[in-house]
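Let's take a walk through this structure together. Have the sequence and the 3D view ready.

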Amino acid sequence: MRKKELKLVVTFHTTTDAMAMEKACKEAGAPGRLIPVPREISAGCGLSWCAGIEDRDTIRKVIESIGVQEQEMHELMV
Amino acid sequence: MGGIMIYMDNAATTMQKPKEVVQAVAAAMESMGNAGRGAHGASLSASRTVYDTRELLCRFFNGTSPRQIVFTANSTESLNIAIKGVLNPGDHVVTTVMEHNSVLRPLYEMEKKGVELTFVKTDERGVMDLADLEAAIRPDTKAIVCTNGSNLTGNYVDVEAVGAVAAKYNVLFIVDASQTAGVFPIDVQKMHIDILCFTGHKSLLGPQGTGGMYVREGLEVRPLLSGGSGVQTYSKTHPKEMPTALEAGTLNGHGIAGLHAAVEYLMAEGIDKIRTREQELMWRFYEGVKDIPNVKVYGDFTTKNRCPIVTLNIGEYDSSEVGDALLMDYDISIRPGAHCAPLMHEALGTVGQGAVRFSFSHYNTEEEVDTAIRAIQELSVDEE
């Protein structure tokens, strides 16, 4: 398997929120992509937004701009 | 990345449909009115298509009357209608740990209303002993609710044998055919099936949003919905006649036109031929991965009769991580994680890890299977 890297992983309550997040990040030019939720964390929805640790502020701004209720924001090896 | 995506998530939905299905939906969208809502050409065209599809599906499942084929949006809707429509407080139900949440959650809702549930267990390969199922039946048992094939392991359940038990004890037999309808032969009379629940978008190769159920003649099912029916306008109650009784509101006529084309395609090609092809690809993949160190395959491979599914894990790796690597590095689409079958995951011991499910279509190729085998070989070795 691939080597793991420390990443920022945002989880959501519903798939609808995850899709809203992807659309908003694309529109804002914010980095990251949707990945399956790593098993170390659990979430209502199976998709999470994965970005670099250094992108935390940018991602936070996107989340606030669209009013998505993120379930949790994690830093973990994925 | 690059190259063409390899789609091996056909147990979730078959992505590639026969071109006839696509054409039928497009043609319907240019010509179809509302079925049963008028005598003009457009409405009649829809009514004819819907009726022809009832006839076709009735023949496909060897039902006794096309009136007993009900159209729904999917298996989940069919199972909700079946489970909530025949069970009453005080009834006992026998079901299995193989079931999908579309069976379990409606059953748990009924449990809160006073229905008692018994779950038949499986061994570590996910195989149920029919004797256990028979032993679970009590004098107050109203129904057996059972899948025809596990969406997690791909194990096929001999519903003819289960149906014989249901008939012996005179209990209702409700079958979830989500993974089998369209690829395994289903004969509702021979198998003693009282309610068959199926979806249109998996092995039946139809559009999403199509599905249905077959209800044995004479069995009354309480409807979940009431409303417009196109008939008996001045009655305060929804009509009791089948299939209208269970079909309030406008049907998905465009989708049903696609489902019609899909069943015609299956009948013309022959489901035995399609199943044999899918099983060939499944066995090729199984043979290629089963002996890779660090790879664990789940399910019963001692029998030839299986749904075209191979589910595995690599070491202790999170199945989602393996799924992501397959997608990013090989462009292979599969389903990792938990598969809406919580009790089956418990039986297999994969609650935390989830499982990586490969599910095949007759449209897959040997080359695609070999790429997937190579991917698992490579991923089973840790990067330095």
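In chain B, the C-alpha centres of domain 1 and domain 2 lie 27 Å apart. Domain 1 of chain B covers 19-269 and domain 2 of chain B covers 270-379, with bounds that come from an automatic or database domain assignment. Where they touch, 27 residues of domain 1 of chain B meet 25 residues of domain 2 of chain B; two residues are in contact if their C-beta atoms, placed from the backbone, lie within 7 Å.

Before going on, a word on the ground rules: this is a predicted model, where local features need pLDDT of at least 70, side-chain atom pairs count only at pLDDT 80 or more, and totals for chains, interfaces and linings use all residues. Residues are numbered from 1 along each chain as its sequence is written, while chains are lettered from A and ligands numbered from 1 in the order in which they are written.

Now for the two chains: nine residues of chain A are in contact with 16 residues of chain B.

Next, zoom in on helix α1 of chain B, residues 19-31. Helices here are DSSP runs (H or I, at least four residues), numbered from the N terminus. Which residues of α1(B) are buried? They are B:Val21, B:Ala24, B:Val25 and B:Ala28, where buried means 20 or more other C-beta atoms within 10 Å of a residue's own, and exposed means 12 or fewer, with C-beta atoms placed from the backbone. These buried residues pack against α2 (41-60) and α7 (253-269) of chain B. On the face of α1(B) turned away from its buried side, you'll find the exposed residues B:Lys19 and B:Glu30.

Notes. Helices (H or I, at least four residues) and strands (E, at least two) are DSSP runs, numbered from the N terminus. The expected span of a helix is 1.5 Å times one less than its number of residues.
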